[in-house]
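Trainee: I'm new to this structure and would like to learn how to read its sheets and helices. Could you walk me through it?

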Amino acid sequence: MAESGRGGRDAAETAGDDNSSDGARPRRLAGARRLPLRTVLLIIVFVPSLTFTPLLASGMYQLSSQWRAERAQLDLATETAGRPAAALFLDLQKERRLTAEVQAAAEPRVRDQLVKQRAATDESVRAFRSLVGQDFANGQEGLPEAVAAADRVLASLGAERRAVDAGTSTARKAFDYYSRLLVADLGVLTTLSHTDEGQVNSRAQIMIDLFWVVDTIGREDAVLARAWKTGRLTRDDYAVVTDAIGTRTHLLESRIMPALTGDELRHRSLMTSQAWNALVAQEARLATGGDDASGQVAVRGDAAAWRTSADAVTAQVLDLLNLRLETVRELGYGHARMLFVVFVSISSVGLLALGLVIFTSWRLTSVLRRRILRLREEAQELQERLPEVVARLERGEDVDVDAEVHLVEPTPDELGELGEALNQASRSAVLTAVRQAEQHRGFQRMLQRIARRTQILIGLQLKKLDELERRHEDPEVLEGLFDLDHLTARLRRYEENLVILGGGQPQRRWRRPVQLLDVLRAAQGEVQDYRRITIDVEGEPWVAERAVGPLVHVLAELMENATAFSKPLTPVEVRASPVSRGVAVEIEDRGLGMEPEQYAAANALMKSPPQLDVMTHADDVRLGLYVVARLSANLGLQVELRPSAFGGARVIVLVPETLVVERPQESAAPPAEEPRPAATGPRPRPQDEAARENAAAGNGLPSRTRGRALANVAASPVPPPPDPDSGRRPLPQRVRQANLAEELRTPATPDPDETDEQRLWAWGDRPSRSGATIGAFQRQSRLRRGDDDTSPHRPNGSPEPGSPTTEDR
């Protein structure tokens, strides 16, 4: 069975390839890496969303940062830092003037005012110094540096006061210190006016100009505070006064008055008011003073009138400054609120848009995915339905193509076109399967028709051979006839293989149960190298009539496989014994065996024989295994291949107990003896009885065995025909089916339900043509040799001249 082992390996590989293709996912191309559909759709959803999200987050962050920065800058300018800086500015203005008055004339009343003012200034200083070290992350740029610079100047305030009180500080030195301190404080206020909003900056700049106007009035007031006491000004002090007057006039006329809006417009009369006119009149009187011999400027005017007009103008400027502060506050906070509203609106709209994009994309991709999955389900359904359609077609059922194709409802888009293409593909696939199945069935019918016609010819050939075997008794002729008989029997089995592979069933039929031994001998008779086969049957099991033909065919295929694929001259042992579930027949050879995977593939083939397409397996050496698998499946046999202890293969055929019957009652009686002539003679010897029993192997004593027996007879002298006068017994005449088992005999009256084709098939199974002939020939020839040693025949079996020939009988 070496070749069958190689065939089993091929079957395993073929089955593996089939298993890898049936019911499995489509194989991807080598090197091609594709993303799943769900991943692609998720990418379609999230890529636009992830692209839009940073843009939205960036805009929201910028708006949020700008809103937080403007809010923090407004809080610093109006409350946190602006209020302490403004309070410190006003207190330092008053302290500078009172310090100048004390230095000019140390009056108790003025000194008491200076002490009180210093206390107020100290409160403002403490409030201002609380700003030092604070985190101004969202504040105006340069604010920490401005606060630090002002704090450094404030650090000398105590020393300067002590110097003034001790009289070690001159009026000019004190004036310069306070002026420098006020400039540092104005630097903080100027920094606070620089916000991120341009309109707020321009409005806040007017507020800083008003602070400078107040500072110029304070400078002038501090210088004149000494002049009113002494009546004179130095050239430097006079320059300070004139510079302050010019700066104040420029700021008010060129920058402040043109920028007034709203409630601020009522202060446009500031420069035409009575207090302003009085202040300007006092300043004009200073300009009319002449220089004395020391180079100082004489001061003319009324100190009380100056004080009244200076305080009045300062109050008006501070009132305008407060109005401007409120304007800046409203404008800044209004803009901050607008930014917050924009931030909230854009954030809400952006998040809503992002959610809408994600939801819409997800919804559209879900719809798209459902449609694509539906198309895939339709394709998978076609994949599952097409084998069912093919199976129905193989069973011979009619299939309606329109009913089997489930059309996908087309839509006016690309997926609709894909669905239409799938409809066409489905219809084409089912229609192609129907056409191929019809062609396959037509080919099977043609194959069966050809095989049936060939079987008819084989049956006629067997009939003709039987007639020739009956007509001729020459050993050499019979030897050739029996060889032809054996070849024809094998040819009949091969033709049956074609019928089985074409979807048909063997036509050989038996009407009665047959003993298993006869079945095994009949199978042995259809094997070319039958001499190597030994048969051993335990007990006398009988096989049901419906299983005789297929079982003979199965066993013949397995026996021939065992003899063909094992070494010559090695025996093939066939053993049969009853088991609990029927009868087990073991066929064991001494070949090369098969690999474990080959045994597995062959056993799998026996359990589930495929629907064989003869065209695709025309060159396959395993057609015999397919035949065995099909016959076993139809009959219910269990065939299993195992390793043999001799290194070859062992096949176990389990005949189920449903196919094993009891011995028929009519077979219990001994078979009828062969009729004899009236003259009596000695009974056949035991060896003749054994030859007769071997000749009675119903469905085919092996033809080679017949030929060998006849050859042995031809080698011995043949007795002459009996002489009527000599009193010798004549040779017996052949009686058909005389030595055939009762269950294998063919009734003289044919079955009316039997077709001509079945009769022709049954003709080759009638054993009378071989068993009776060989038994009678051997028995009588040996009997003649034992009764009379004198023979007219030559040693080679030819008669002597003048003696009767066999034809005379």
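Trainee: Which strands does helix α15 lie across?

Mentor: A quick word on terms: helices (H or I, at least four residues) and strands (E, at least two) are DSSP runs, numbered from the N terminus. Helix α15, residues 516-525, lies across β4, β6 and β7, and runs at about 170° to β4. Angles go from 0 to 180 degrees between N-to-C directions, with axes as lines fitted to C-alpha atoms, for helices over the stretch in contact. Helix α17 (residues 596-607) packs on the sheet too, touching β8 and β9 (649-656), and its direction makes about 175° with that of β8. Contact means heavy atoms within 4.5 Å.

Mentor: About the source: this is a predicted model, where local features need pLDDT of at least 70, side-chain atom pairs count only at pLDDT 80 or more, and totals for chains, interfaces and linings use all residues. Residues are numbered from 1 along each chain as its sequence is written, and side-chain values use heavy atoms, leaving out hydrogens and water.

Trainee: In what order do the 5 strands of the open sheet come?

Mentor: Strands of a sheet pair through backbone hydrogen bonds, either parallel or antiparallel. Two strands count as paired if DSSP finds at least two bridges between them. Here the order is β4-β6-β7-β9-β8, with mixed pairing. β4 (533-537) and β8 (638-643) are the edge strands, each pairing on one side only.

Trainee: How many bridges link β6 and β7?

Mentor: Strands β6 (residues 572-579) and β7 (residues 582-588) pair antiparallel over 7 bridges. Ser577 stands opposite Ala584 in β7.
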